[in-house]
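Please open the structure in your viewer and keep the selection tool at hand. The tour below moves from a pocket to a strand residue and then to some backbone geometry.

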Amino acid sequence: MTVTNNPTLTSAESAAPTVGRLAYWLPSLLALLSAALLWLGWPVHPGPLALVLLVAWVPFLRLEQLLVQRGASGWKVFRYAYLSLLLWNAFTTYWVSYSTLGGGITAVVLNALMMSAPVMAFYHTKRLAGSVLGYLSLPIYWIAFEQLHLHWDLTWPWLTLGNGFAQANYLVQWYEYTGFLGGSVWMWAVNILAFGALYRRPATDGPARRWLAPLVAALLPIGLSYFIGSNYQEKGAAAEVVVIQPNVDPFLEKFSSTPNFIPYDEQLSRLIRLTEQQLTPQTRLVLWPETALEEPYFEQSFDANPKIQRVRNFLGQHPGLELITGITSITQYPSKETATSTARFRDDLGYYDVSNTAVHFPGVTGPVTFYHKSRLVPGVEKVPVALASLINNIDLGGFVGSYGSQDERTVFQTATPGLRLAPSICYESVYGDFMAEYVKRGATLIGIITNDGWWSDSPGHQQHVQYATLRAIETRRDVARSANTGISAFINQKGEFLVRTAWWTQDARRYTVHLNTEQTFYVRHGELIGPACQALAALLLGFTVVQGVRRRQPVVS
């Protein structure tokens with residue numbers, strides 16, 4: 001056999017049409033296109049680009065259809081689905097790696113893997129139960145997964161589809177009825193109808209018949225949103241509030257282990273100085289950010305701490321002023337039997353919890369109220385109990401294990417008539433049903449305290465503040481937001497920014513907020529869409545399994 005160094009194509013290979021090569025790469029291109037469109041429409045690109053989300057899944061649906069037509073296996077469908085979801089996660093939340101590279105990579109890889117579950121459930125339902133039920137099942141499976149993702153230990157609701165309209169919240173003023181999962185329904189409905197118009201309607205149908213349903217599905221909610229938004233008026237009594245942005249670098253300055261550590265007394269001085277720049281005799285409440293007072297504070301001897309005494313003295317100089325700030329607190333338990341499942345043990349402390357805490361100072365005197373952050377960041381603030389139980393000795397300067405938390409929402413009641421604040425800490429403000437529970441318990445103002453400096457100047461802190469606008473719409477509550485680094489802001493009940501700070505600046509802002517006491521439909525009735533989809537998903541999965549079993553049974557003649 002003769003081997004040539006410069007082999008040439010056979011006549012058949014040289015005659016292969018370009019379209020054949022394109023067909024080979026088409027599934028990969030469709031996976032990339034869908035991921036790119038989801039990224040393009042997601043916050044924080046300009047608001048009008050959010051409309052891209054209404055067709056962003058069309059390439060993905062075409063990808064699945066194409067693979068099925070080619071007789072691809074379920075494993076191959078999974079691979080391409082996972083590729084698309086992985087790219088979307090990476091494009092949109094790559095910034096998580098700024099805080100921790102390993103954690104960021106893990107979040108992207110695992111979240112895309114979990115998102116693949118509802119997609120594969122759709123694929124098998126369509127294969128075994130037919131296309132009509134199959135396409136109907138896709139939004140049901142997906143939203144059932146989103147509902148699960150809001151409430152389990154691996155919770156990560158950042159990419160819940162309804163959050164995608166945060167940059168264009170004027171399109172979803174009806175969230176006061178549905179919550180943000182209503183946006184997930186809307187997105188899937190328009191995408192599936194648009195896909196059907198492109199790839200499933202008979203060729204004999206004219207453009208009007210083909211596109212009537214997707215256009216109505218897209219435009220009707222937009223028209224309803226404009227109607228609701230244009231007729232809504234701010235409600236409630238007025239109160240003057242100040243938010244502080246101290247801008248202490250969490251990587252270099254904030255903690256005692258960082259190279260350019262700013263002593264805690266100096267950090268407290270900065271907070272007080274910035275606050276005094278904005279105070280007026282009418283100021284009723286000040287918000288300092290998450291872990292503004294970082295040095296661990298023992299709750300049982302809280303007022304004995306010199307820094308707390310300094311805070312009390314500051315409040316004593318401004319009669320009628322109240323303060324809410326983030327701290328790191330320690331709760332001690334008298335025995336193992338009274339301790340929580342997240343409690344640690346140390347010989348000199350006994351059983352104790354470390355918590356990411358919000359504390360309310362009602363003035364120079366009066367007992368403080370603590371709220372322990374309840375929705376904890378997986379991996380960073382919460383680890384499985386079985387693993388955490390292996391950790392006994394903990395250096396309080398660098399926490400390891402799960403933080404303490406509480407099951408019930410705490411609403412801070414101030415002396416100002418009608419001013420009752422929901423103390424949301426960082427990540428908690430991404431959860432629509434969680435924040436609605438605060439309002440159901442009487443909150444008239446949403447307060448968000450956060451430290452977004454972990455993500456540098458990336459889409460992370462911008463997405464986070466935009467999501468707060470959806471919480472304002474769902475509950476029709478003003479939002480006062482204090483960020484250590486990031487964006488501090490005031491947001492009205494329509495989700496509009498009234499005041500906002502720049503990134504990476506020391507700042508303090510004052511605004512007169514409204515204290516609405518009325519409850520929206522979403523607040524009164526809670527999350528309805530998610531649980532309903534979970535029930536329907538269980539029925540669909542059961543039906544699909546039965547269909548699969550029937551197909552495998554031999555036919556008896």
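What follows is a walk through a predicted model, one selection at a time.

Begin with the second largest pocket, whose volume is about 440 Å³. Select Ser374, Leu376, Lys382, Ser405 and Asp407, which lie nearest its centre among the 28 residues of the lining.

Is Thr325 buried or exposed? Its relative accessibility is 0%, so Thr325 counts as buried. Leaving aside residues up to four places away in sequence, the contacts of Thr325 include Trp288, Pro289, Ala292 and Leu293, as well as Thr357, Ala358, Val359, Phe361 and Ile449.

Turn now to the backbone, bearing in mind that most residues other than glycine have a negative phi, and most peptide bonds are trans. Select Pro43 and Val44, and look at the peptide bond from the one to the other, which is cis, with omega near 20°; Val44 lies in the loop between α2 (18-41) and α3 (58-69).

Next, go to the loop between β9 (420-425) and α13 (432-440), where Cys426 is placed. Cys426 has a positive phi of about 55° although it is not a glycine, and at 10% relative accessibility Cys426 counts as buried.

Finish at Trp504, in the loop between β13 (497-500) and β14 (507-515). Trp504, also a residue other than glycine, has a positive phi near 60°, and with a relative accessible area of 37% Trp504 is partly exposed.

Conventions. Residues numbered from 1 in each chain as written. Predicted model: local features only at pLDDT ≥ 70, side-chain atom pairs only at ≥ 80, totals over all residues. Heavy atoms only, no water. 1 Å grid on protein atoms, 1.4 Å probe; cavity = no way out; pocket = protein on both sides within 12 Å on 5 of 7 lines; lining within 4 Å. Points joined across faces, edges and corners; volume = space filled by probe spheres on them. Buried < 20%, exposed > 50% of the residue type's maximum accessible area, 1.4 Å probe, protein only. Contact = heavy atoms within 4.5 Å. Helix = DSSP H or I, 4+ residues; strand = E, 2+ residues; numbered from the N terminus.
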